[in-house]
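Work through the exercises below with the sequence and the 3D structure open. Try each task before reading its solution.

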Amino acid sequence: MIVRFGIGTVEGVPTPRRIALSVALVAALITGLAFAGLPVFVHPQVDPLRRADAIVVLGGTAYARYDLGLRLAQEGYAPELLISRSTGQDDVMMDRYCDGGFAFRVSCFVPDPWTTQGEAREIRRRAQAGHWQHIIVVTYTPHVSRARYIVEKCFSGQITMVASPSDSGLLFWSWMYVRQSAGYVRAFLQRGC
């Protein structure tokens, strides 16, 4: 079998030049995607803090976001703190946030489904019941842009997005690029809230 590449004729084996070109194209694609993701995942748009009707902390196992939501409520940014227990009812770490004893209202919920969309649906339900016009949404940095997109599909009021600290390192950010990109695709394909 003879394969023609436009560079020369080689029988069944790519030329070193062809391999180098392929590697360079893949490297350029990965680099381009990394730079395109910087404003979406690494440095997303966050908003200046101002008083709101409620603070909503989206779920996950990076517990720093719950501490941030609690601190914002303690500083008086909202009279109510709504926390997603996306780690489940049996997560004893969440008890310190959800068991009360605060000067403001705290309520926790398990999203249905256990996704950002499930959280956004609960936000819509609570916002309608409480007549919320403005909410502060707290999540971790690589999730901010996608969370904003999904919550905006369910809540028509004003949203202030706040980022809690995230892990670092190449492995973490590589996984976040894949995970958040896949989540965006799923969110784009879902109609409505």
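**Exercise 1. Find which residues touch the most other members of the largest nonpolar core.**

Step 1. A nonpolar core is a set of buried Ala, Val, Leu, Ile, Met, Phe, Trp, Tyr and Cys residues joined through side-chain atoms within 4.5 Å. Buried means under 20% relative accessible area, exposed over 50%, and partly exposed in between, with a 1.4 Å probe and protein chains only.

Step 2. The largest core has 21 residues, and those touching the most other members are Val56, Ile123, Trp132, Ile135, Val151, Phe155 and Ile159.

Step 3. At least two core residues come from each of strand E3, helix H4 (116-130), strand E6 (134-140), helix H5 (144-154) and strand E7 (158-164). Helices (H or I, at least four residues) and strands (E, at least two) are DSSP runs, numbered from the N terminus. H5 gives the largest share of this core, five residues.

Step 4. Another core lies apart from this one; it has 19 residues, including Val57, Leu70, Leu81 and Val138.

Step 5. In soluble globular proteins, nonpolar side chains tend to be buried together.

**Exercise 2. State how far the model can be trusted, and where confidence is lowest and highest.**

Step 1. The model is predicted: local features need pLDDT of at least 70, side-chain atom pairs count only at pLDDT 80 or more, and totals for chains, interfaces and linings use all residues. Residues are numbered from 1 along each chain as its sequence is written, and side-chain values use heavy atoms, with hydrogens and water left out.

Step 2. pLDDT is the predictor's confidence in each residue, from 0 to 100. The chain has a mean pLDDT of 83, with 81% of its residues at 70 or more.

Step 3. Confidence is lowest in strand E2 (residues 9-10), with a mean of 51, and highest in strand E3 (residues 54-57), with 98. Where pLDDT is low, the predicted coordinates should not be read in detail.

**Exercise 3. Give the strand order of the open sheet and name its edge strands.**

Step 1. Two strands pair if DSSP finds at least two bridges between them. The five strands run in the order E5-E4-E3-E6-E7, with parallel pairing.

Step 2. Strand E5 (105-109) and E7 are the edges, since each pairs on one side only.

Step 3. From one strand to the next, the twist averages 20°. Axes are lines fitted to C-alpha atoms, for helices over the stretch in contact, and angles run from 0 to 180 degrees between N-to-C directions.

Step 4. H4 packs on the sheet and touches E3, strand E4 (80-84), E5 and E6, where contact means heavy atoms within 4.5 Å. The direction of H4 makes about 140° with that of E5.

Step 5. Seven parallel bridges link E6 and E7. Val138 has Val162 in E7 as its bridge partner.

**Exercise 4. Which cysteines does each disulfide join, and why is the link of Cys98 and Cys108 left-handed or right-handed?**

Step 1. A disulfide is a pair of cysteine sulfur atoms within 2.5 Å. The structure has two disulfides.

Step 2. Cys98 is joined to Cys108, with S to S 1.9 Å. This disulfide is left-handed because the torsion about its S-S bond is about -95°. Cys98 is buried at 16% relative accessibility, whereas Cys108 is partly exposed at 24%.

Step 3. Cys154 is joined to Cys193, also with S to S 1.9 Å. The link is right-handed, with 105° about the S-S bond. Cys154 lies in H5 and Cys193 in the segment after helix H6 (170-189), 39 residues apart.
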